[in-house]
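Please open the structure in your viewer and keep the selection tool at hand. The tour goes from one selection to the next.

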Amino acid sequence: MIAHRSWHWPAAIAVLFAVAALGIAFGTVRLGLREVIGGAAGTGDPLHVTIVQALRGPRVLLAALVGAGLAMSGASLQGVLRNGLAEPYLLGVSGGAAVGAVLAYAAGLSGYALLALAAFAGSVTAVGATVLAARAAGHGARGDPRTLLMAGVVVGAFANAAIMIALANAPGNTVRSALWWMMGSASDATWATGAALAATLAVAGGALVAGARDIDALALGDEAAAALGVDVDRAAPRIYLLASLVAAATVAAVGLVGFVGLIVPHLVRAAGIRRHRALLVAAAIVGATLVIAADTVARVALPPAELPLGAVTAILGVPFFLAQLRRFRA
Amino acid sequence: MIEFRDAVVRYPGAPAAAVDGVSLLCPAAQVTAVVGPNGSGKSTLVRVLLGRQPLASGTLHIDGTDRRQLSQRALARMVAIVPQREEPAFPMTVREYVALGRLPHSGAWRAETPGDRDAVARALTRTGVDDLHSRPTDELSGGEWQRVRVARALAQDARALVLDEPTTFLDVGHEMSLFELAAALARSGMAVLLVSHQLNLVARFADTMVLLQHGRVAAAGAPDAVMSGRVLESVYEWPLVVIRDPASGAPAVVPLRRSPA
């Protein structure tokens with residue numbers, strides 16, 4: 001079993017910043033390091049200043065926040081649900097967001113902020129329904145993790161059905177636009193979106209890190225967690241909701257970006273980090289790096305088209321994950 | 001140290017109370033054993049201790065304080081409980097696992113202190129699992145894993161230890177060594193509450209036995225008093241005799257075949 005080394009942390013942070021710099025440098029107009037610095041400082045060519053400050057800067061920031069949020073959300077849920085297949089959208093986040101976005105389009109709403117709010121509201125509603133249903137079915141407020149997973153799957157199925165019914169009754173392009181919006185893209189990034197997501201992440205992600213000891217204990221099972229001083233019936237639902245809130249905020253910002261929340265926690269565990277406080281922080285760094293890289297690839301792979309971000313994360317991640325599969329133990 | 005008084009527990013929808021007026025005292029520096037058939041309420045008492053099940057009536061006091069007045073964390077600092085089942089969702093090293101016993105003492109943002117490291121080292125040594133410290137938890141044998149779990153509980157630095165069926169699936173040697181460990185911990189001053197199926201072993205190691213039947217105390221006292229053929233036969237609903245073990249001198253149950261073999 002690998003023990004993590006102290007140089008892993010500065011190395012991971014250095015890679016994050018290097019990938020962020022590359023993300024700003026690469027694109028239709030390729031910038032050199034000096035142009036990136038000049039653009040960031042506002043002293044270079046006005047075109048470069050615009051590219052760095054108005055276009056790629058916010059985009060890289062948003063990608064980083066999305067990656068960090070999804071990875072933290074996935075790591076938390078895998079721990080609390082004691083399941084290596086758990087991922088951020090599990091409890092109905094994705095289905096709920098899609099329903100919210102489709103309903104918003106169907107109601108004639110448009111504009112990034114309104115859609116984001118609708119998707120966020122849809123996610124939160126779906127997660128609330130999942131947690132309440134599991135609670136009603138299970139023993140105690142936590143419910144059985146398996147009941148919760150089942151409730152999440154069923155709420156997701158309900159959301160799919162709702163989308164199909166909307167599909168049948170709405171003009172085709174409305175639904176297509178809504179679903180396209182869900183496919184995941186950071187192309188509409190602004191500093192305001194980044195700030196909104198950063199604020200959510202600071203609060204909900206910070207609360208997850210602060211409660212990481214509870215996740216350590218809950219990952220042993222309910223009785224062991226209770227024996228270690230955790231109020232299971234309060235701690236577990238709190239973590240479900242915080243993790244889903246973080247995921248919902250990322251979906252509202254960029255749509256669905258699969259795979260990151262599932263795989264990054266496994267990568268970090270394979271590097272020898274198992275206590276959740278360190279695991280969440282490390283997952284945030286690695287997740288941010290991964291999504292910045294994926295978004296850069298999404299921009300530059302097939303110009304002038306942009307690839308869906310979620311598809312790129314999976315296309316890049318799956319082969320790597322499969323190659324490393326024997327190192328992961330779930 | 002741990003005292004149930006007239007404890008009653010009802011599970012919703014169950015016709016009879018799972019625990020029906022149980023009083024028992026687990027004092028410091030003694031091994032107190034709770035025995036009884038399946039479904040007699042042994043594990044329910046552990047669930048009450050853990051706070052996973054409320055008392056319908058009666059009281060539970062820990063060191064003189066009502067359990068309901070204690071936060072879950074405060075309880076975990078006073079009583080270390082090894083539940084029947086416990087398994088990390090993701091494997092970790094034995095050292096990391098035993099260090100989880102420090103959770104009740106740690107702050108949200110605080111790193112491991114020298115005191116934490118001492119407690120973990122002591123727990124590893126006390127349970128004889130020092131040499132396993134870097135082994136992954138999913139590669140341990142059943143006997144090693146049980147000792148490591150006790151080490152996790154000892155790292156909590158509590159004054160009482162509760163072991164719920166600690167020797168299920170263990171062979172004779174590992175079973176004996178775990179009971180020896182429990183007895184040694186009691187000799188060093190801990191209150192040890194042992195929930196077990198192993199009547200004969202319990203009779204050799206416990207200072208006090210509490211025999212449960214259908215949620216009530218059928219007999220309680222020194223092993224010699226509780227290990228009565230007549231009482232045990234009616235509690236376990238099986239013909240048996242109690243002999244005196246020639247090697248240890250302790251009372252031992254020998255269940256009989258129903259018909260001559």
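The stops below take in a sheet, a helix, a hairpin and a chain contact.

This is a predicted model, in which local features need pLDDT of at least 70 and side-chain atom pairs count only at pLDDT 80 or more, while totals for chains, interfaces and linings use all residues. Residues are numbered from 1 along each chain as its sequence is written, and chains are lettered from A and ligands numbered from 1 in the order in which they are written.

Begin with the open sheet of chain B, where four antiparallel strands run in the order β2-β1-β4-β5. Strands (E, at least two residues) and helices (H or I, at least four) are DSSP runs numbered from the N terminus, and two strands pair if DSSP finds at least two bridges between them. Select 2-9 and 57-62 of chain B, which are β1 and β4, joined in the antiparallel sense over five bridges; within this pair, B:F4 has B:L60 as its bridge partner.

Next, select residues 42-50 of chain B, helix α1, which packs on the sheet and touches β1, β2 and β4 of chain B. Contact here requires C-beta atoms, placed from the backbone, within 7 Å.

Move on to 240-244 and 251-255 of chain B, where β11 and β12 pair in the antiparallel sense over five bridges, and B:V242 has B:V253 as its bridge partner. These strands form a hairpin with six residues between them, and B:G249 in the turn has a positive phi of about 80°.

Finally, show both chains: their contact takes 24 residues from chain A and 26 residues from chain B. Helix α2 of chain B, residues 72-78, gives the largest share of chain B's side, four residues.

Note on methods
Two residues are in contact if their C-beta atoms, placed from the backbone, lie within 7 Å. Axes are lines fitted to C-alpha atoms, for helices over the stretch in contact, and angles run from 0 to 180 degrees between N-to-C directions.
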